[in-house]
Amino acid sequence: MAERHQDNHGDRIVTDDFGTADFPLKQHVSPHGRVTAVSMMKDEGPFVLEWIAHHLALGFTDLLVYTNDCTDGTDAMLIRLQQLGLAHHRRNDIPEGMRPQPSALKYAQKDPLVRASDWLIVFDADEFLCIKHGDGSVDGLISSTKQVGGNGVVITWRTFGSAGVQHWSRDPVTEQYQYAAPAMWNKGWGVKTLFQFDPEFWVLGIHRPKIKNKHLKTSFPDSVNWLNGSGLPMEDYFKFRGWRSIVRTVGYDWAQMNHYAVKSIDSYAIRKFRGNVNNKKDKYNADYWALQDRNEVFDDSILRHRDRRDQIMAQLLKDPVLHQLHHAALTLAEARLTEFKNSDAYAALVDGLKAASDVPITQVVAKPPKPRDPAQIAALMSEVEAQRNRRPKSERRHKTHPDWGALGDIYVAGDVDLSQNIAIDHVSNHDLKIPADPRVFRPAALQMIVEGKFERNAARRIPKLLQPGMSYLEVGAGVGFLAGLIARDCPDVQVTAQEDSPALLQIARQLREINGLTSCPNYQILTSPLFTPQDRASADPAFTHLLPASGCNMLVVNDPRIDCDMLARTLSRTTVKPAVVLLGARAMAGALNEASATAALTNLGYGHSAEPPLTTALLMTRE
């Protein structure tokens with residue numbers, strides 16, 4: 001258990017001046033003990049009070065901030081907040097040759113306040129925790145975590161861009177910038193970890209803590225049960241390594257870490273000439289801007305915390321010392337910016353950053369840091385695998401073949417907002433250009449598009465199964481890639497593509513237009529709904545009548561909502577029996593089951609095709 005330091009404040013760790021100034025706003029008392037956030041700052045004066053107010057509003061009991069080399073009063077504001085009993089300030093005296101962040105974490109590891117913390121998270125001044133779960137409080141998040149047996153939450157970044165804002169404003173950060181990268185953009189998946197802390201077992205890290213070496217091969221790792229940002233179990237390996245989410249572990253349903261790395265162009269200009277906490281040479285260049293200035297998706301979920309934050313902010317500004325320091329920091333930032341704006345360098349910076357903003361997200365390069373010790377990481381990985389393999393077979397994750405879930409993981413789930421005008425790359429796949437829109441395609445599919453391999457197996461095989469005069473019907477055609485490809489390459493085949501997702505239809509129309517397929521007489525896109533909820537009880541009329549209406553010879557099912565019963569009812573009632581039925585990976589990863597679908601088609605007179613099997617589809621022909 002964490003070491004306790006008692007004083008006349010009960011279980012409160014204090015410095016000589018903590019809470020010496022009387023103030024009506026008091027520290028939150030949590031049922032979970034000390035819930036501490038540790039951060040590092042340098043010249044964050046204009047943003048300090050918003051950051052403090054926001055995280056007090058969420059219910060942290062303690063905010064501990066290390067500062068170094070401040071010239072704008074950031075440290076003075078934190079010292080005053082310490083006197084008011086609302087935050088803790090420490091000076092980060094950086095040893096020669098060490099970077100600021102590791103230096104601060106080294107100090108924090110030994111700090112009595114940190115050692116007494118029950119729950120802890122480390123994050124930066126440009127990061128604002130957004131809790132979507134429950135009442136939006138840290139206490140509620142921890143309670144729900146405990147209820148499912150968890151003792152940590154791995155919270156993934158959402159990268160928020162400039163929202164097209166160039167000029168400086170005193171408005172709150174969380175209200176100025178409400179456009180972000182798509183949730184499924186994996187280059188923005190760094191994490192921060194809120195976890196149950198015990199200094200005996202843990203070493204602090206900027207993204208996640210490390211288990212102390214002496215406990216690695218004990219039973220302690222088995223007691224670590226972290227959840228992802230959607231409240232689902234993290235994979236075992238993350239106890240030992242990693243600093244970012246992957247497709248299998250990312251989640252935002254409970255919480256996300258809003259990362260405002262660039263803000264406006266003017267804010268970025270101030271930061272560029274201020275330096276950064278890790279002393280990385282030329283970090284704030286156009287490449288960094290292109291990586292962080294992502295504005296593809298509107299997201300204002302953090303505004304649920306606004307009212308309480310505003311109340312706290314107003315109270316803080318009633319303190320005359322904080323009021324003076326806050327406005328002095330704003331005035332100084334604006335004076336520095338005015339001086340910079342009068343230079344040729346500012347105009348060049350603006351031009352360069354605006355050009356970087358036009359870089360499509362598929363062309364953004366993010367180079368991960370090199371592993372410090374590849375051999376050590378490999379050894380840890382082997383140990384994790386060994387631990388996994390020692391579990392009972394019933395607890396191990398088994399893969400089926402084919403892995404329909406992975407193969408069908410093409411499109412982003414749920415409602416997709418395409419209203420924002422963003423730069424989109426158009427990438428040729430089988431000489432057909434696809435709008436590589438990250439709001440629509442999941443990371444793996446987007447990568448396949450960029451590499452020119454999107455649905456490559458089906459694109460090579462399906463056209464060879466079609467003969468002149470046949471009719472091809474694809475139900476759940478997505479963005480219409482296969483349908484468009486067949487319409488172009490098989491002009492004597494009638495192609496009908498059905499899709500009722502507004503976002504996918506929008507991309508399908510773009511794909512059709514940019515590839516000159518709008519004039520193809522053999523190609524039509526149907527937008528009518530496939531079924532309504534009440535249609536599930538009996539065969540869906542729309543689905544049933546699509547087959548005779550199209551004269552279907554080859555039916556391709558790719559809609560993940562179609563189940564085996566609907567498929568069987570439709571094929572048994574229709575007057576047109578397709579010669580070929582192909583169940584795509586997207587459908588097989590949805591409501592269809594391979595064994596049941598095979599049995600249903602067999603009962604209707606279909607058998608496995610003599611053609612070699614497709615790795616991305618279940619192909620059966622009428623016998």
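Which residue is the bridge partner of Val427 in β15? In this predicted model, that partner is Ile434.

## The β14–β15 hairpin

Strand β14 spans residues 425–429 and pairs with β15 in the antiparallel sense, with five bridges between them. The Val427–Ile434 bridge belongs to this pairing. Two residues separate the strands of the hairpin, in which His430 adopts a positive phi near 55°.

Strand β15 covers residues 432–436 and is mostly covered, with four of its five residues buried.

Strand β12 is largely enclosed by the rest of the structure, because five of its five residues are buried. The side chains of Ala255, Met257 and His259 point one way from the strand, whereas Gln256 and Asn258 point the other way. The residues on both sides are buried.

Strand β12 takes part in pairings of both senses. With β5 the arrangement is antiparallel and is made by five bridges; in this context Glu127 stands opposite His259 of β12. With β6 the sense is parallel, over three bridges, and Arg158 has Asn258 of β12 as its bridge partner.

## Aromatic pairs

The whole structure contains 19 aromatic pairs. One of them joins Phe47 and Trp168: the ring centres are 6.2 Å apart and the planes meet at 50°, so the pair is classed as tilted, not edge-to-face, a class that requires over 60 degrees.

Phe128 and Tyr260 are each buried.

## Aromatic cluster and charges over rings

One aromatic cluster is made up of Phe195, Phe197, Phe201, Trp202, Phe220, Trp226, Tyr237 and Phe238.

Charged side chains also sit over aromatic rings. Lys263 lies over the face of Phe47, 4.7 Å from the ring centre; Phe47 is also the residue that forms the tilted pair with Trp168. Arg158, the bridge partner of Asn258, places its charged end over the ring of Tyr252, 5.3 Å from the centre of that ring.

Rolling a probe the size of a water molecule over the atoms shows where empty space is left. In this model the count is six cavities of 30 Å³ or more. The second largest cavity has a volume of about 70 Å³.

Which residues line the second largest cavity? They are Ile410, Tyr411, Glu455, Glu474, Gly476, Ala477, Gly478, Phe481, Leu482, Asn558 and Arg586. By class, this lining comprises five nonpolar, three polar and three charged residues.

Key: Residues numbered from 1 in each chain as written. Predicted model: local features only at pLDDT ≥ 70, side-chain atom pairs only at ≥ 80, totals over all residues. Heavy atoms only, no water. Buried < 20%, exposed > 50% of the residue type's maximum accessible area, 1.4 Å probe, protein only. Pairing = 2+ DSSP bridges. Phe/Tyr/Trp six-rings, centres within 6.5 Å; stacked < 30°, edge-to-face > 60°. Lys NZ or Arg CZ within 6 Å of the ring centre and 35° of its normal. 1 Å grid on protein atoms, 1.4 Å probe; cavity = no way out; pocket = protein on both sides within 12 Å on 5 of 7 lines; lining within 4 Å. Points joined across faces, edges and corners; volume = space filled by probe spheres on them. Nonpolar A, V, L, I, M, F, W, Y, C, P; charged D, E, K, R; others polar.
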